[in-house]
Amino acid sequence: MFSKPIFKQSVRSNGALWLVITLVASALLSNFIIRFDPADFGALSSAAEGTAFGSVLSGFGTILGTLETFYKMIAIMLGLVYIIFSANNLVVNEVDSGSMAYTLSTPIRRSTVIFTKMAYMIGSIVLMFGILTGVGLGVSELAHHNVSGSPMTEDVEAAADAMDRKPSYVRKHLYMIKDDKYAMQAGAEARKMDKTAYGEYLDQAILRDSYKAAAAKLTDNRQDKYSDSDKDKDEIEITEQELAKKPQLMMKDNDALEAGAKVTGQSVNGYRNSVNDQIKNSKNNQQKEALSKLPADPTVILSTATTAGAKAIHTSESNIKDNMSLLKDDKAIKAASKATKVPEGQLKALIDSSEVNAAMKSDKSLEFDISTFVWLNVGACLLILGMGSISFFASTLFNRSNQAMVLGAGLPFAFFLISMVIQQSDSLENLKYFSLTTLYKTDEILSNGDFGIPLLILGGIAAVLYGTSAVIFCKKDLPL
C-alpha cells in the first residue's frame, strides 16, 4: 500500500514549493511575534474599532490575538497556495501529461499509487504546521521569554542589570526590585513611570504572581483529591482570576499559602495576613470611593488633563500619553487640575492608577498560553487538510488539469473569500454556512470555548474526501 519510489518522486515534484511556503510562513510568524508591542498593537486595535477592519484587528491588543489574525488570514492563504498546486501536481497533472500511464504500466497497483500520494499530501501539511508550532514557541520564548513563564518586560531587565542579577531570577522575585532603590529607579525609567506609580504597579504584579502560584498549587491538590471523581478539569481547576476574586479559597491550604508567600518574599504567616487584608478589600473600597467623587468619567478627566498639561509644558499630547508621569510636572498638574476641576492630589492618584492599569494590561497582553497556541495550529492544520481534500478530490475526479483547478482551486478560495467578507460586515454572517473556514473557530480557541466539535467535523470531511478520492482513482477509466 506504500511505495517509496513514488513517495520520493512526490517529494521531488512538490518539495520545493513546500519548503518555500513553510519558510515564508515561518518568517512571517516570527515577524508577527518579534515586532509585537502591547502599546502599538493595542492602539491599532482601538483605532480600528467601528471600521470595516474592526473585527479583523480586534485581537491585536494581545500577542495571541495578533497570532489569531496571522492564522486566520496569512497561514490559510499560504496553505491554500500549497494544497492547490501540490494536489494538482500529484495526480491530475500526471494523468494529463501521460506520466501516470508510465507509472501504472509497472507492477505497482493503483491503490498503492494513490495511497502513497495521499500520504505525502497529508504528511506534508501536518509537518508544515508542526514546524510552524515549533517556530512560534521558540521565537516567542527568545523574543519575550513568555513560554517558560511570565513575560520578561523591559523594567525587569533594567532592574536586574542594576542589581547585577539574572533577569530570569528577578522576574520570579519581583519583590527584590522594591528592596533596591537603584533597581526601582531603573525599572521605573524603563516603564516610563515615576517611582510612586511603579511601586504601586510592583505591588499589584507581585500579588498577581502570588495568586498564580497559589492557584496552581491549589489545583494540583484538588486534582489529587478528586482524581477518582467524575469532576471534569474545569470544575477542579482554580484559576488566578478566581483566586483574586475569592482569596479565602487558599486560607486552609498551607501548600498554596507557601507557594504564594515564596513569590512575595514573605513568611507564610506574613502572607496569610496580607491575604486577609485583601479579603477585607479595604484598599479597593478606598479606590472606588475616591473614583465615585470625581466630577466626570476618569477617561474624560484624563483626556482633558492631558490636553491642558501638554499646553502648559509645551509638549504634544502624544508625548504625555506615552509617558503619563510628565503630567505630574508642577505646571502641568496645576493646569490639568484647573481644567478638570479635580484637586491635584486626587488627579495624581488617578494618573498613577491609569499608569498601573496600563502596565498590568501590557503584561497581560504578552502572556503566552502554550495549549491555546498549539490548538491554533491544530485548527489551521485541520482546515488546510479539509481544503486540501477538496483539491485532491478534484485532482482524482478529472483527467485535465484546467478542469481540476476550477473545482480544486475555485472552491477553497471561495471559502476563504467568504470568511474575509464575513469579517467585514456582521450583516453577512449567514454566509458562514457556506464556508468551511467558519469551522475553524479561532475566537473559541482563544477563549477556551467550544471548538472541538467543529474541528472534528473538519477532520471528518478530510477523511471522507480523501477516502472517496482513493476509490474514484482506483475505479475510474484513465486515458492510458
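## Cavities, cores and salt bridges

The structure holds four cavities of 30 Å³ or more, as computed on a predicted model. The largest cavity contains about 110 Å³ of space. Thirteen residues line this cavity, and those closest to its centre are Ser150, Pro151, Tyr201, Arg208 and Asp363. Helix α12 gives the most to the lining of the largest cavity, with four residues. By residue type, this lining divides into four nonpolar, two polar and seven charged residues. Arg208 and Asp363 turn up again in a network of salt bridges, where they are linked with Asp155, Arg191 and Asp209.

We can turn next to an open space. The second largest pocket has a volume of about 1,500 Å³. Its lining is made up of 37 residues, with Glu237, Glu367, Asp369, Ser371 and Thr372 nearest the centre. Two or more lining residues come from each of α4, α12 (195–225), α13 (233–236), α14 (240–245), α22 and α24 (442–446). Helix α12 is the main contributor to this pocket's lining, giving five residues. The lining of the second largest pocket comprises 13 nonpolar, 15 polar and nine charged residues.

Glu367, one of the residues nearest the centre of that pocket, also takes part in a salt bridge with Lys212, in which the closest N and O atoms are 3.7 Å apart. This pair links distant parts of the chain, with Lys212 in helix α12 and Glu367 in the loop between α21 (344–365) and α22, 155 residues apart. Lys212 counts as partly exposed because its relative accessibility is 31%, and Glu367 is likewise partly exposed, with a relative accessible area of 23%.

In the whole structure, 13 salt bridges are found. Another of them joins Arg400 to Asp96, with 3.5 Å between the closest N and O atoms. Asp352 sits in helix α21 and Lys328 in the loop between α19 (317–322) and α20 (330–340), 24 residues apart. Both Asp352 and Lys328 are buried.

The nonpolar interior comes next. In soluble globular proteins, nonpolar side chains tend to be buried together. The largest nonpolar core has 67 residues, of which Leu67, Tyr71, Ile83, Ile125 and Phe129 touch the most other members. Several helices each supply at least two residues of this core, including α1 (4–34), α4 (63–90), α7 (110–144) and α22 (370–397). The largest share, 14 residues, comes from α4. Setting aside residues up to four places away in sequence, Phe129 touches Ala75, Asn377, Ala380, Cys381 and Ile384. A second, separate core of 22 residues includes Ala160, Ala183, Tyr201 and Met360. Of these, Tyr201 is also among the residues closest to the centre of the largest cavity.

Finally, Leu137 is found in helix α7. Apart from neighbours within four places in sequence, Leu137 is in contact with Val147, Phe368, Ile370 and Phe373. The C-alpha atoms of Leu137 and Ser148 are separated by 9.7 Å, the two residues being 11 apart along the chain.

Note on methods: Residues numbered from 1 in each chain as written. Predicted model: local features only at pLDDT ≥ 70, side-chain atom pairs only at ≥ 80, totals over all residues. Heavy atoms only, no water. Core = buried A, V, L, I, M, F, W, Y, C linked by side-chain atoms within 4.5 Å. Buried < 20%, exposed > 50% of the residue type's maximum accessible area, 1.4 Å probe, protein only. Contact = heavy atoms within 4.5 Å. 1 Å grid on protein atoms, 1.4 Å probe; cavity = no way out; pocket = protein on both sides within 12 Å on 5 of 7 lines; lining within 4 Å. Points joined across faces, edges and corners; volume = space filled by probe spheres on them. Nonpolar A, V, L, I, M, F, W, Y, C, P; charged D, E, K, R; others polar. Salt bridge = Lys/Arg side-chain N within 4 Å of Asp/Glu carboxyl O.
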